[in-house]
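Please look through the sequence and the model below, and then follow the text from one feature to the next.

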Amino acid sequence: MTKTISPEIAQQNRSYKLLLIVAMVSMTMMFAGITSAFFVSKSRVDWMKDFVMPTPFFISTICIVLVSVCFFLAKKAIKKDNQKSTSIFLLGALILGIAFVVFQFKGFEVMISQGNYFTGPQSNITSTFLYVVVVTHLAHVAGGFISLLIIIYNHFKQKYNSSQFIGIELGAMYWHFLDFLWIYLFLFLYFFK
């Protein structure tokens, strides 16, 4: 049984999407500024030319891609009113999101163990730059976790169905954006040393 939503709710949903798009554009501009600073800093004599991306950052990249896959599948499941599958995929997204953060910190541990400190007299500009990029992205991921926890809460309160799933849709849009952003940053840092 397909339910319909009122024109007012449909307009409200479009407004939510537009606000999220505007926020994502502003975040993109911020990261464009950070990567521009990278180009300027790269010409410094103390720039580390032999930096090797720690393995945990590769694993965290896989985790965040899988978060997007889970959100895609959760949205697909809720459109079919499949509450059980939606629950599984949303919880999977949460677990994989946590794994992403854990591997980000493991990547920092590897860098520190290699003598690449982020602050202090032993620090270098390259590791400090990487730290700023990753921590800034993690701050946006924190917002993603807040939205994901609200989505999971609302889902278990049965607020989503095949005709009303705007929360899941917005969450999916944001996590897809975080995914794209991390892949961009990861590839940027990996290839443009």
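The expected span is defined as 1.5 Å times one less than the number of residues, while helices (H or I, at least four residues) and strands (E, at least two) are DSSP runs, numbered from the N terminus. After α3 comes glycine 115, which has a positive phi near 90°.

This is a predicted model, in which local features need pLDDT of at least 70 and side-chain atom pairs count only at pLDDT 80 or more, whereas totals for chains, interfaces and linings use all residues. Residues are numbered from 1 along each chain as its sequence is written, and side-chain values use heavy atoms, with hydrogens and water left out.

The chain as a whole has 5 helices and 0 strands, and its C-alpha trace spans about 65 × 30 × 25 Å along the principal axes. Of the 193 residues in the chain, 46% are buried, where buried means under 20% relative accessible area, exposed means over 50%, and partly exposed lies in between (1.4 Å probe, protein chains only). Among contacts (heavy atoms within 4.5 Å) between residues at least 6 apart in sequence, 83% join residues at least 24 apart.

Which elements of the structure hold aromatic rings that pair? A search of the whole structure finds 15 aromatic pairs, and two of these lie in helices α3 and α5. Rings of Phe, Tyr and Trp (its six-membered ring) pair if their centres lie within 6.5 Å, and planes under 30 degrees apart count as stacked, over 60 as edge-to-face and the rest as tilted. The rings of phenylalanine 105 and phenylalanine 108 have centres 6.1 Å apart and planes at 65°, so this pair is edge-to-face. Both residues lie in α3, 3 residues apart, about one turn of the helix. An α-helix has 3.6 residues a turn, so residues three or four places apart point the same way. Phenylalanine 105 is partly exposed because its relative accessibility is 45%, but phenylalanine 108 is buried, with a relative accessible area of 6%.

The rings of tryptophan 182 and phenylalanine 186 have their centres 6.2 Å apart and their planes at 45°, so they form a tilted pair. These two residues are 4 apart in helix α5, a separation of about one helical turn. Tryptophan 182 is buried, with a relative accessible area of 1%, and phenylalanine 186 is also buried, at 7%. Ring pairs link these residues into a cluster that includes Phe58, Phe105, Phe108, Trp182, Phe186, Tyr190 and Phe191.

On the surface, Phe58, Ile59, Leu187, Tyr190 and Phe191 form a nonpolar patch with about 440 Å² of accessible area together. The elements that give two or more residues to this patch are α2 (55-79) and α5 (166-191), and α5 gives the most, with 3 residues. Phenylalanine 58 lies in α2 and is partly exposed, with a relative accessible area of 33%. Patches are made of residues with over 30% relative accessible area and no salt bridge, with like charges joined within 9 Å and nonpolar side chains (Val, Leu, Ile, Met, Phe, Trp, Tyr) within 5 Å; a salt bridge is a side-chain nitrogen of Lys or Arg within 4 Å of a carboxyl oxygen of Asp or Glu. Accessible areas come from the Shrake-Rupley method with a 1.4 Å probe, and for residues only the protein chains shown count as cover.
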